[in-house]
Amino acid sequence: MTYLLVGNYGVGNIGDEALREYFLQRFPQVTWRVVSAHPQKDEFQRFPCGVRSFISFGWMKTLRELKKSDGMVLGGGSLFTDVESRRACLLWWVQVFFAWALRKKVMLAFQGIGPFRTAMGERLARSAVRKADFISVRDPQSLERVQSWKLKSDVLESFDPVFALVDQQEMDLAAEKVLIVIPRENSGEPLLSALHKILQSGRFTRVHILLLQPDSLSEQKFSKSVQDDVQVESSVSEVRTLHDLSSGVAQGSLVLTQRFHGGVVALALGKELDVVPQEKHDKLDALSALLHSTPAHGRKERLQALVQKGEDALRSLL
């Protein structure tokens, strides 16, 4: 069986690349045709969402692969939301539309749906979801949002599958006094305020900053401002792989993050977690709600079971 695997791949985001790796590892029985923003060898261009991408005609190869395939899987991530980009919902709707027009199966797997700033973004997301043959979401808020649309298809609640890829790390006694901070490019006062509040407890003697986009000047600048501001020892590590992220998170006992997959790794490693959402109802807000609604005891096992549930359901349909 052959499926196109579609996601926000090829843009240098560790979380998205880990999602891609999850599907390649956990579904070896499927011949995947990976669709990427910047295709490498044996990968394919996204379907066009603008004049420049249309006239490149690189997407014609993708169209041929789709015609030969059994369908399309949109593999994880917060694709259908216009919080970070107003163009995002249109981009992913276009991918779904091509598969639907060719009467191919469409699977929306481990998705974060919403929130939406615009009515158009929500309409496009709703249209794409209605065209799907299978829908699994990674958080209760996405589940509630999709269920409110009163679709004919069932919606399955799961959790982000990167959780299942995290390798356990050896315990380090020195980690007890280390606070891990994971910023993003646009981090600012909310994260700094949360950091200072934690440091006031006197519990931590060191702050270790993990840069998930280490080539970003904005992220570098923010990390430097943190180091200049805090009154304890500080250090910075570049993170370019999921293994790097797991190793970095393992060095501390509490993780303060503005990146979703930083939180997912912290949960997988059983670390204390504090998240700073960018805005109300975003994916980090959903992660925060999960922390408050799920007892720490047994949380890891419950999340693992949710991932397995989503994986088993998708595998049975593929």
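Patches are made of residues with over 30% relative accessible area and no salt bridge, and nonpolar side chains are joined within 5 Å. The views below come from a predicted model.

**View 1. A nonpolar patch lies on the surface.** Five names make up this patch: Val51, Phe54, Ile55, Phe57 and Met60. Together they have about 500 Å² of accessible area. Helix H2, residues 51-56, gives the largest share, with three residues.

**View 2. Phe57 sits in a loop.** The loop lies between H2 and helix H3 (59-68). Phe57 belongs to the nonpolar patch. Its relative accessible area is 46%. Phe57 therefore counts as partly exposed, since that class lies between the buried limit of 20% and the exposed limit of 50%.

**View 3. Strand E1 is mostly covered.** E1 spans residues 2-6. Four of its five residues are buried.

**View 4. E1 pairs with strand E2.** E2 covers residues 31-36. The two strands run parallel, joined by five bridges. Look for Leu4, which stands opposite Arg33 in E2.

**View 5. E1 also pairs with strand E4.** E4 covers residues 71-80. The pairing is parallel here too, over four bridges. Tyr3 stands opposite Gly71 in E4.

**View 6. Two strands and a helix form a β-α-β unit.** The parts are E1, helix H1 (residues 14-26) and E2. The unit is right-handed. Its strands, E1 and E2, are the parallel pair with five bridges.

Key:
Residues are numbered from 1 along each chain as its sequence is written. This is a predicted model: local features need pLDDT of at least 70, side-chain atom pairs count only at pLDDT 80 or more; totals for chains, interfaces and linings use all residues. Side-chain values use heavy atoms; hydrogens and water are left out. Buried means under 20% relative accessible area, exposed over 50%, partly exposed in between (1.4 Å probe, protein chains only). Two strands pair if DSSP finds at least two bridges between them. A crossover is right-handed if, with the strands pointing away from the viewer, the path from the first strand over the helix to the second runs clockwise. Patches are made of residues with over 30% relative accessible area and no salt bridge: like charges are joined within 9 Å, nonpolar side chains (Val, Leu, Ile, Met, Phe, Trp, Tyr) within 5 Å. Accessible areas come from the Shrake-Rupley method with a 1.4 Å probe; for residues, only the protein chains shown count as cover. A salt bridge is a side-chain nitrogen of Lys or Arg within 4 Å of a carboxyl oxygen of Asp or Glu.
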